[in-house]
Structure formats: structure tokens, C-alpha cells
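Work through the exercises below with the model open. Try each task before reading its solution.

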Amino acid sequence: MATYKKRGGKPKTKAEKQQSIEDGSTTAEVFNTLDENVSKTEQWVAANQKYIFIVVGLAAVLVLGYLGFDKYIQQPKESQAMNDMYSAQKYFDEAVGSAQDSLFTLSLNGADGKYGMLDIAETYSGTKAGNLANYYAGMAYLNMKDYVNAIEYLNAFQSTDDVLGPIAKGGIGDAFVQLEQLEDAFDYYVQAANAKTNNYTTPMYLYKAGVIGLKLGKNAKALEYFKSIKVDFPESTEAKDIDVFIGKAQASRN
């Protein structure tokens with residue numbers, strides 16, 4: 001049967017009395033140590049409270065400053081940027097539908113006192129609209145066959161969007177193809193294919209990476225990409241004749 005010592009009882013034997021004295025002494029030492037530590041901490045705080053207040057004050061200023069910046073500066077700037085981009089975006093949409101360089105130029109440079117995408121990207125750098133303007137500018141230059149500027153602005157565009165992110169990478173790949181820099185084109189097509197998996201951009205850039213891969217002698221990689229289209233994206237446009245390209249890649253490996 002398990003037993004336990006009842007706490008709070010008086011010691012009866014000499015041994016128990018001696019143990020009680022030792023326990024009391026140990027307890028006293030523990031409390032004395034705690035008191036010393038607390039005292040040292042209080043002394044340190046007292047000696048350094050000026051610096052503590054400065055640090056706490058700076059932290060509060062930074063937090064309040066950020067909240068104030070976001071509410072009174074960043075948010076109004078974002079709103080103004082989107083408003084100023086409306087006209088340029090309208091020109092871009094019209095240009096895509098008609099493929100007219102003159103409309104792409106208006107989208108880039110603006111008209112009738114309205115900002116173009118180049119103005120938005122520069123004036124509102126650091127905003128979502130300014131970032132998006134880099135994308136529009138890059139795609140406009142790509143359509144106008146100004147491949148160097150297309151690469152510059154599409155590279156400046158940062159996005160986690162499932163579609164725009166891969167298209168921007170793929171657009172850079174397209175520009176490098178036109179500049180006959182196939183190694184760079186291949187790298188960007190692979191990045192575009194791996195950026196975000198979806199049924200639209202992924203098979204398209206796997207296909208482009210495969211085609212360029214064959215030209216560069218990267219036959220194993222090309223075969224891998226073509227097979228991925230066949231297995232993972234059988235309903236895609238690229239999958240319709242993919243067996244032909246799988247055959248080419250397999251033949252090139254032999």
C-alpha cells in the first residue's frame with residue numbers, strides 16, 4: 001500500500017527535527033537567491049530605465065508611424081495610382097484587340113494629359129499599380145517588337161498571381177527567342193512553367209520549353225516536358241499533337 005508524508009505535521013523524532021531544520025535552511029537559501037536576483041534586476045532597470053524608455057518609445061513610434069503611413073499616405077497613393085492608370089489601361093485593352101502599335105504607344109506614353117504606363121511605373125513606384133504598370137509596359141513593348149524594353153519591364157514586374165506571374169516570365173522567354181538567345185529563353189520558359197500550376201499557362205510553357213530544348217540539344221528535358229503535358233494536361237491545346245513531339249524527343253535521344 002502506497003504511503004505519503006502528511007504535510008504540515010510537527011516532526012516527532014530527532015531525525016525528523018534535523019531534516020526539518022535542513023529543509024527550512026534550503027528553502028531560506030532559495031528565497032534569498034530569488035531576492036538577490038530580483039534586487040539585481042531592479043537595480044539594472046533603475047540604472048538603465050532611460051534607455052529602456054527610449055527603446056520602447058522608438059518601437060511605439062515605428063508602429064504608429066507605419067500605421068499612419070499606410071492609412072494616410074500609402075492607401076491614398078494606391079487609390080490615386082489606380083485612378084491615373086485607367087486611361088492607359090483602356091488604351092492597352094484596345095490595342096490588344098486591334099494589334100495597333102499606335103494604341104500600344106498611347107498606353108505607354110499617355111495622351112490628353114493622362115499618364116501612360118511608363119509614368120505610372122515611375123511616379124507610383126512601390127505601389128501595386130506601379131508594379132502592374134511594369135507588366136503592361138513590358139507586354140506593350142513585346143507586341144511592338146521592342147524586345148529589350150519588354151525584358152526590362154517584365155523583369156521589374158513582381159507577382160504571385162497564378163496567371164500574370166507565369167505570363168510575365170513566359171513573355172521574357174518570347175523576347176529572348178526573338179533576340180535569338182535560346183538558352184535564356186529556355187530558362188524563362190521553365191520558370192514560367194514552374195511558377196504556378198494551372199491548366200492554361202503550365203502546358204503552354206512546358207511546350208515552349210520542350211521545343212526550345214530540342215533546338216538546344218536538351219532532348220531528355222524536352223521529352224520530360226512533353227510527357228508531362230500528355231499525362232498531366234491531356235485536355236490542353238498543347239496535348240493534341242504532343243505524341244509527335246514525344247516521338248521527336250525520343251528519336252533525338254537515340
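**Exercise 1. Decide how α7 and α8 are oriented to each other.**

Solution. Helices α7 and α8 are roughly antiparallel, because the angle between them is about 155° and angles over 145 degrees count as such. Angles run from 0 to 180 degrees between N-to-C directions, with axes fitted to C-alpha atoms over the stretch in contact. The axes of α7 (residues 182-195) and α8 (residues 201-215) lie 8 Å apart. Next, list the contact, meaning heavy atoms within 4.5 Å. From α7 come residues including L182, F186 and Y189; from α8, among them Y205, A209 and I212. Helices here are DSSP runs (H or I, at least four residues), numbered from the N terminus.

This is a predicted model: local features need pLDDT of at least 70, side-chain atom pairs need 80 or more, and totals for chains, interfaces and linings use all residues. Residues are numbered from 1 along each chain as its sequence is written, and side-chain values use heavy atoms, without hydrogens and water.

**Exercise 2. Find which residues of α2 are buried, and where they lie on the helix.**

Solution. Buried means under 20% relative accessible area (1.4 Å probe, protein chains only). In α2 (residues 101-109), L103, F104, S107 and L108 qualify. They line one face of the helix, because they fall within an arc of 140° seen down its axis. The arc is taken over directions from the helix axis to the C-beta atoms. After α2 comes G110, with a positive phi near 80°.

**Exercise 3. List what F226 touches beyond its neighbours within four places in sequence.**

Solution. F226 contacts Y207, G210, V211, L214, I242, F245, I246 and A249.

Terms used:
Buried < 20%, exposed > 50% of the residue type's maximum accessible area, 1.4 Å probe, protein only. Helix = DSSP H or I, 4+ residues; strand = E, 2+ residues; numbered from the N terminus. Parallel < 35°, antiparallel > 145°, perpendicular 65-115°, else oblique.
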